[in-house]
There are 2 protein chains.
Amino acid sequence: MLRVALGQMRVIPGRPDLNTGTMLKMIAGARRRKAQMIIFPEMAVPGYLLGDTWEQQAFLRDCEEYGRRIIEASAGVCVLFGNVAVDWNKIGEDGRVRKYNAFFTAQDGRLCGADNFPYPFRIKTLQPSYREFDDSRYFFSLRKLAAEVGKSIAELLQPVKLNIDGKTLSIGCLLCEDGWSDDYGIKPVAAIRRNGPVDLFVNISTSPFAIGKNNERNRVFSRQAGAAGVPVVYVNSTGVQNNGKTVYVFDGCSAVYDGSGEIVECLPSFSSEMKLIELDLTGKTKKSPSVPVPDDRDLDSVYRALCYGAEGFLASTGIERVVIGISGGIDSSVSACLYTKILGSENVLLVNMPSKYNSPTTRRLAEKLARNLQSLYTVMPIQESVDHTVKQIEQTPVVKLKNGNRLHLPVTSFVAENIQARDRSARILAGLAAAFGGAFTCNANKSEITVGYGTLYGDIAGFFAVLGDLWKHQVYALAEYLNRQVYGWEVIPREIIDLVPSAELSSEQAVDEGKGDPVIYPYHDYLFRAFMEFWNRAAPEDILTWYAEGVLEEKIGCRPGLVNQIFSGPREFIADLERWWKLYTGMGVAKRIQAPPVLVVSRRAYGFDHREAQNTAHFTAKYLKLKQEIGK
Amino acid sequence: MLRVALGQMRVIPGRPDLNTGTMLKMIAGARRRKAQMIIFPEMAVPGYLLGDTWEQQAFLRDCEEYGRRIIEASAGVCVLFGNVAVDWNKIGEDGRVRKYNAFFTAQDGRLCGADNFPYPFRIKTLQPSYREFDDSRYFFSLRKLAAEVGKSIAELLQPVKLNIDGKTLSIGCLLCEDGWSDDYGIKPVAAIRRNGPVDLFVNISTSPFAIGKNNERNRVFSRQAGAAGVPVVYVNSTGVQNNGKTVYVFDGCSAVYDGSGEIVECLPSFSSEMKLIELDLTGKTKKSPSVPVPDDRDLDSVYRALCYGAEGFLASTGIERVVIGISGGIDSSVSACLYTKILGSENVLLVNMPSKYNSPTTRRLAEKLARNLQSLYTVMPIQESVDHTVKQIEQTPVVKLKNGNRLHLPVTSFVAENIQARDRSARILAGLAAAFGGAFTCNANKSEITVGYGTLYGDIAGFFAVLGDLWKHQVYALAEYLNRQVYGWEVIPREIIDLVPSAELSSEQAVDEGKGDPVIYPYHDYLFRAFMEFWNRAAPEDILTWYAEGVLEEKIGCRPGLVNQIFSGPREFIADLERWWKLYTGMGVAKRIQAPPVLVVSRRAYGFDHREAQNTAHFTAKYLKLKQEIGK
């Protein structure tokens, strides 16, 4: 039996000083509890999502310095941890000093593993280049190293040999993606096994939460352990890291898979803790009892990810109080409930900002919500200010200095709609938040963000979009979950959930007349998801093909029969499709460029995970042909 | 002699339909003029900076379809062009269909080069993973292909053989970065030569403008051609492409280097045109007359890049008219002059928005500038609205619903400063621009953007930051250039250039009393540049070390003696350094996340070229030690 401590720590990005502090404490604890080994996550010392901070040599030196302190602390307990490794004598392909995403194995103050590798550490073999990952931008890969030293990659994938209490232990060192090799030509686990024997695989990760991801990971890693007949220990970090536009939560959920593929240990999600386990390295045939593993596809996971992420983002930005504009609609209500849970009602100021278009219904509902939450509350009408702005723009003459002519610019009702939205956010919310000593929230959801249904510097503004990665139907589901599971009563009034969604910016959007948003969420949520979340993104060509073949609802996942209920024929269908595609690839992009950071819960979120250019809308030749055929 | 047409075309990103139209026209022209070969840039069909559009299979099929039309048009003239190549039977490491950044050589309706390569096209060998480049995210590299087919990279780097008028011509096909191999372990030019003989190297590129880049390229490519004794034809695209946050101009400047390294042809910058040349493939010893090459480090280049980029960005977003808030300060004046040149004075509406803090001086200067530019002009004071906002926030009671207590939130002078800035941008400029049927500009410069000296939804707002990649001292130089070279008279009044820079948001910033910004541009411009532009970014540890060693001014490039003039001692120096470092890595990031796109002219611009995370400020252990030593 091997006594192993799993160091599922909260990693603070860019703070080797703080992370090293956490690690030294955990190492001391492990030693006290007679652990023979402690394992920390990938990039435990520096953090992982740091943008181009890797280009600061001072930061690299600092990570090395703190790394040395960890190595020095390995007396009597073997310490496995992730850090950046620097080869100051070599360069990367950007001409800067060479960096590796490295796996260190320290014992009694020394690094192990130099006997069969060019360095006394292991480096990441598979560097992901999709979604938010930018490993190739910063780190020199094993592939390139192999070419340089004139060896094959497989040759370099050697286990690290440790001597623990007189016994030699052969460890297969994996860094995160190395365990996810299905789409790669190189299979690190198999290669290391061929250079084995291996007693234990250790996968250190910095793997963000996404709905359903742990279920998949358990499937992949169980299979891996079972196929190898060797246990796999997976240690993931917790905490919150971001890439500017996109904020990720790391859920931990570290686990141990035994040699038969059973999950024999499973750490709680979102918890920074050390757990000591007894690992059986011999009994490959003995079936270990498997532990129950939580399902991460349910709303409970989403709710916890949102709270953990918002809390962490607030903490790292130093924001302790928030102002939330509540309209009586669903998004702001859900946002208000979340922040009240996180910060306490005394740190949440809710404000209703009615114009003449806001119905008595929604004004009443907003107040009811605030009373239910027992928060701070105020009502600041915007009509006077909006009237002043419209009047100022319309009545102030513009002079054509070329000829002295004067002209007046009329304010249309569409222009006035956006003036209202900006008056609320940029005038009241921003001012009020500053006076309150906090920040104001952005309550936009993913459906709105997809097509830019919202006003720049208006409802798209705010310090953070906590619901920005949830489709409208998920926001509704979350509202129900909050009432049922979190608060245990109808804190969000049923009427808010049942109300037609509306921006209430003109008489065309009067909720009491059942009028609302132009987005038909039960269909468009799924259409938009096909545009942006599908691994192979659907473009109008695909959508129209599916429509023509009668399989659209099945393909995008919306309710059967819905499409023909909504559209009277192909022409209407096509007009709708093109309208939203143009917005998604056009004005939507322009607005996202200036939108707040989004908290990620899906497998594809806006921002750094969904890179995009502001280009003109394109329709493929095949689409145009198809349109001509069926649009007749 | 080989008759070669250089197809220096304007590439429209994401529009294979339009690009193919341009190419077919140029091919027809080349055929008429009896060219034997025409060469188009890298990714001429799809465009290059497309974000994750590469994940749409419909788009890939469309690029293939348009590519086929180009290939079909190659009867009688050999067509070399860049396009995405798709292997529908293989996957990339992201599990999606495999894509290559490819170099196609078509002749008489067929593709050449399948005789010595796995595909009938060549693929990019060196995929840049720095600055704005994301090649590894989308394209399968030669390195990976070599591993897959079990050959060495060098073996795969074969020239393409063409038969032109009965003679065999051996072409070394290079894609952009392939010609910039200094920092790579693989040297494509040398490898292809070893598999030669080679008659001609062709480098097709999509290489953005940056100050001084062409000078460097001429140096590198001249050396390359000279060393090989083989001519190099370089064809670069023109046009404007973006990565959302960051807008690049492509300057063309295609060139021919003869076998002795002389530049014998040079196409104009920013011009979409085909040029027919006679290329001497034999006379390696005969010295060709070299042509004059423009220097791209001067202000003329910068000015032209700014105009070309803004014009292209306006065209692609469909914006034909702009509103510019002019304060009487330098940034908005330069912005107004640029847009007036681009759009004509009838499409530029200048607006001065004074509060009680704006001096008569700057109000007079703003009007003078507008008169000089003969634009549309108006004055819209903000004091009434700002007073209303302050009053509304201060006087509307906030109710603590827990206990019914009422409280009032005071508006401090700092809070009021930002209320003014937002009132100008989010209330007036945004509303006015909508009424005018256009957009409003962001006039922020790089110095302000670095430290977030500006207000979110205030002066940081706007559709585009045309000066966002120029340090304050470059804005001044550009002002002088506009007066001297572009307008030929003092269109920007001298007083504006001589005035102390100030936001005029409080009595602490009264220009007539010589008070202004907290940024001391002659020093901080260079400090900030060291933080963000240095290839190895300077962190406080480096700055303090240089300060201690007395070499700071030399290292960062500011005026000698300046530092001791500004700071009375190490303590003041350190306080200043930490203040700006915290802003650069903290609030500055938060503001940049929501800032407008920036037009790039430097070798490091904000946005996608300068990836960053919103983390807490970090000071290295060595910095803290040094600070303790010298801060005593």
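What rotation superposes chain A on chain B, and with how much shift along its axis? In this predicted model, the superposition takes a rotation of 180° and a shift of 0.0 Å along the axis, with an RMSD of 0.0 Å. The two copies are therefore related as by a two-fold rotation axis. Among the residues of chain A, A:Q594 comes closest to the rotation axis, its C-alpha lying at 2.0 Å.

The fold of chain A comprises 22 helices and 22 strands. Its radius of gyration is 28 Å, close to the 26 Å given by the globule rule for 632 residues, so chain A is as compact as a globular protein of that length. The C-alpha trace of chain A spans about 90 × 60 × 60 Å along its principal axes. Of the 632 residues in chain A, 58% count as buried. Among contacts in chain A with a separation of 6 or more, 72% are accounted for by residues 24 or more positions apart.

The interface brings 104 residues of chain A into contact with 104 residues of chain B. On the side of chain A that touches chain B, helix α12 (residues 413–436) gives the most, with 13 residues. By residue class, that side of chain A divides into 42 nonpolar, 33 polar and 29 charged residues. Strand pairing also crosses between the chains: strand β18 (residues 376–379) of chain A pairs with strand β19 (residues 398–400) of chain B in the antiparallel sense, over 2 bridges. Within this pairing, A:L376 stands opposite B:K400 in β19(B).

Within chain B, 3 strands form an open sheet of mixed pairing, in the order β11-β12-β22. The edges of the sheet are β11 (238–242) and β22 (598–599) of chain B; each has a single partner strand, so one side of each is left without a neighbour in the sheet. Strands β11(B) and β12 (residues 246–251) of chain B run antiparallel and are joined by 5 bridges. In this pairing, B:V240 stands opposite B:V249 in β12(B).

Notes:
Residues are numbered from 1 along each chain as its sequence is written. Chains are lettered from A and ligands numbered from 1 in the order in which they are written. This is a predicted model: local features need pLDDT of at least 70, side-chain atom pairs count only at pLDDT 80 or more; totals for chains, interfaces and linings use all residues. Two residues are in contact if their C-beta atoms, placed from the backbone, lie within 7 Å. Helices (H or I, at least four residues) and strands (E, at least two) are DSSP runs, numbered from the N terminus. Ala, Val, Leu, Ile, Met, Phe, Trp, Tyr, Cys and Pro count as nonpolar, Asp, Glu, Lys and Arg as charged, and the others, Gly among them, as polar. Two strands pair if DSSP finds at least two bridges between them. Copies are superposed by least squares on the C-alpha atoms of residues with pLDDT of at least 70 in both. The radius of gyration is taken over C-alpha atoms; the globule rule is 2.2 Å times the number of residues to the power 0.38. A residue is buried if 20 or more other C-beta atoms lie within 10 Å of its own, exposed if 12 or fewer, and partly exposed in between; C-beta atoms are placed from the backbone.
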